[in-house]
Amino acid sequence: MNENGMPRRRFLATGTVLAMIPLICAPGLSVAATNASLRTSLKYQGKPEGDKSCANCAQFVAGPTKDLGGCKIIPGDTEISPQGYCIAWTKKAPQ
Ligand code: SF4
């Protein structure tokens with residue numbers, strides 16, 4: 001038993017189950033998130049710069065909806081607008 005009166009084995013099992021909840025729940029969930037520090041560093045803006053936008057940037061990753069996506073160089077950000085722009089814009093190769 002530990003100091004809380006809970007048997008050690010049960011205490012460890014409960015901790016293991018609780019630790020696995022994010023692993024079980026995370027796949028398939030789309031949780032919106034932004035990477036504010038990198039957005040600031042790259043001077044991300046939610047509007048195009050002339051004809052340059054995330055939609056025609058090589059780094060853009062289309063998201064589950066046409067309104068939002070991601071960026072290969074801004075990890076953890078799922079709210080990149082196809083209409084956005086940043087200083088790392090790189091022309092997407094013609095397809
Ligand atoms: Fe948009 Fe910049 Fe990422 Fe290109 S590098 S997709 S312009 S945020």
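Start by selecting the ligand: around it you'll find Y44, C54, C57, Q59, F60, C71, I73, I74, C86, A88 and W89, each with a heavy atom within 4 Å of it. This is a predicted model, where local features need pLDDT of at least 70, side-chain atom pairs count only at pLDDT 80 or more, and totals for chains, interfaces and linings use all residues. Numbering runs from 1 along each chain as its sequence is written, and side-chain values use heavy atoms, with hydrogens and water left out.

Colour that shell by residue type: ten are nonpolar, one is polar and none is charged (Ala, Val, Leu, Ile, Met, Phe, Trp, Tyr, Cys and Pro count as nonpolar, Asp, Glu, Lys and Arg as charged, the others, Gly among them, as polar).

Next, click on S81, in the segment after β2 (68–71).

Now zoom out to the cartoon. The protein chain has two helices and two strands, in the order α-α-β-β; these are DSSP runs numbered from the N terminus, helices being H or I of at least four residues and strands E of at least two. Of the 95 residues in the protein chain, 21% are buried. Among contacts between residues at least 6 apart in sequence, 65% join residues at least 24 apart.

Key: Buried < 20%, exposed > 50% of the residue type's maximum accessible area, 1.4 Å probe, protein only. Contact = heavy atoms within 4.5 Å.
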